[in-house]
Amino acid sequence: MPLVKSKGTFAALVALGVAMLLTACGNNPDTAPVAAAAIAINAPDGAVAVMGTMQFSATVTDANGNTIATTPKWTLVNGGGEITSAGLFTAGDSVGTFTNTIVATIGSVTSSSSITVSAGGLSSITVSPDTITLPAGTTHQYTAVGHDAYGHVVAMPGRTWSAASAAGTIDTSGFFTASTTAGTTTSAVTATSGSISGTANVVVSPGALATITLSPDTVTLDGGVMQQFTAVGKDAYGNVRAAELTWSATQGSITSNGLLTAGYTPGTYPSSVTATDGLVTGDATVIVNPGPLYSIVVSPSSVLVWTFSAQPFTATGHDAGGYIVPITPVWSVDPASAAAGTISSSGVFSASSAQGYYGNAIVATSGSITGTASVQVWNPICMPWCGGPPP
């Protein structure tokens with residue numbers, strides 16, 4: 001028997017099938033696309049070191065607070081570094097807090113986050129001053145500043161100070177005392193933190209002028225002879241230092257560069273040559289001998305001598321100033337007056353029988369210098385016949 005269906009039953013079945021098909025295909029006329037209503041940026045801690053990285057993420061929700069599985073667009077608006085489309089932030093080399101610089105966007109919905117970029121680890125230490133000149137034995141306060149690789153100031157954990165012994169000493173606060181020996185020391189002062197160090201150079205200069213030493217400190221000179229003096233200035237520790245010298249002499253004369261010309265007055269003159277700089281003075285002693293032989297005086301200068309008698313003579317040497325110069329004269333009778341007599345090596349004249357006046361007959365010689373005396377040889381026996389003694 002054939003199956004018989006009513007028209008009403010068939011229509012109902014068709015309507016049911018269409019409805020089921022539409023539901024299976026998702027074309028529910030009551031369902032609309034989900035729209036983002038809020039973005040919450042998830043920042044791990046909001047801080048990163050220079051050139052460091054941080055991964056940002058965000059939670060997107062709809063108007064009902066339901067989470068939507070979608071990724072926002074990431075941008076950087078106030079500096080601080082760079083950020084990728086996936087939210088990976090790389091800090092720049094500037095430190096600071098960059099307010100609301102990281103922005104996440106979906107359509108018209110945005111959210112922002114701040115980031116703090118801090119300095120990196122200790123990379124170098126700068127000691128100030130890096131080079132200094134200090135007088136011997138004086139002090140100076142050093143400072144040290146730590147920097148990261150980009151020049152930002154950072155802490156120096158456990159920082160210590162040290163100094164080369166040739167340069168001086170330094171305490172735990174960086175207070176330096178220079179050596180008493182002048183000289184230049186490279187890397188003389190060191191500040192250290194862990195494996196990082198910074199150094200500074202120190203030049204120790206002579207201190208204030210304390211003494212002046214003359215050379216020679218004692219000298220013996222003939223009158224009129226010149227002597228060059230030199231002077232060396234030193235500080236209290238014996239370091240040689242320059243001095244602005246003024247020269248003076250109480251015996252003889254001296255030039256502005258220390259060249260003395262001795263006077264002619266024999267004697268010992270302590271501290272007679274001085275070199276002075278301010279309140280500091282050095283001195284030297286000068287002993288003056290008579291000057292070079294300048295003249296010889298024969299005594300007596302003129303004498304009456306009987307024939308065949310003896311007359312002693314003496315000779316005294318003098319320098320140009322008239323001061324006595326010891327001599328051992330050579331005695332002679334001037335050839336032009338040879339008839340007058342002879343003279344011994346000790347200066348004793350023996351008259352002959354040849355009466356007469358002999359001018360400058362007696363000669364005393366020392367080197368190229370001579371002195372003379374005159375003699376009148378007379379025979380007293382012939383006085384009645386000779387008209388009396390000679391005038």
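**Ground rules.** I number residues from 1 along each chain as its sequence is written, and side-chain values use heavy atoms, without hydrogens or water. In this predicted model, local features need pLDDT of at least 70 and side-chain atom pairs count only at pLDDT 80 or more, while totals for chains, interfaces and linings use all residues.

**Aromatic pairs.** I found five aromatic pairs in the structure. Rings of Phe, Tyr and Trp (its six-membered ring) pair if their centres lie within 6.5 Å; planes under 30 degrees apart are stacked, over 60 edge-to-face, the rest tilted.

I looked up Phe56 and Phe89. Their ring centres are 6.3 Å apart and their planes stand at 90°, so I logged the pair as edge-to-face. Phe56 sits in the loop between strand E3 (53-55) and strand E4 (57-61), and Phe89 in strand E8 (residues 88-91), 33 residues apart. Strands (E, at least two residues) are DSSP runs, numbered from the N terminus. Phe56 is buried at 1% relative accessible area; Phe89 is buried at 0%. Buried means under 20% (1.4 Å probe, protein chains only). Phe56, Trp74 and Phe89 form one aromatic cluster.

Next I checked Tyr142 and Phe176. This pair is edge-to-face, 5.8 Å centre to centre, with 90° between the planes. Tyr142 lies in the loop between strand E13 (139-141) and strand E14 (143-147), and Phe176 in strand E18 (residues 175-178), so the pair ties together parts 34 residues apart in sequence. Tyr142 is buried at 1%, and Phe176 at 0%.

**Ser374.** I placed Ser374 in strand E40 (residues 369-378). Ser374 counts as buried, at 8% relative accessibility. Beyond neighbours within four places in sequence, its contacts (heavy atoms within 4.5 Å) include Ser301, Val303, Tyr357 and Asn360.

Definitions and conventions:
Helix = DSSP H or I, 4+ residues; strand = E, 2+ residues; numbered from the N terminus. Buried < 20%, exposed > 50% of the residue type's maximum accessible area, 1.4 Å probe, protein only.
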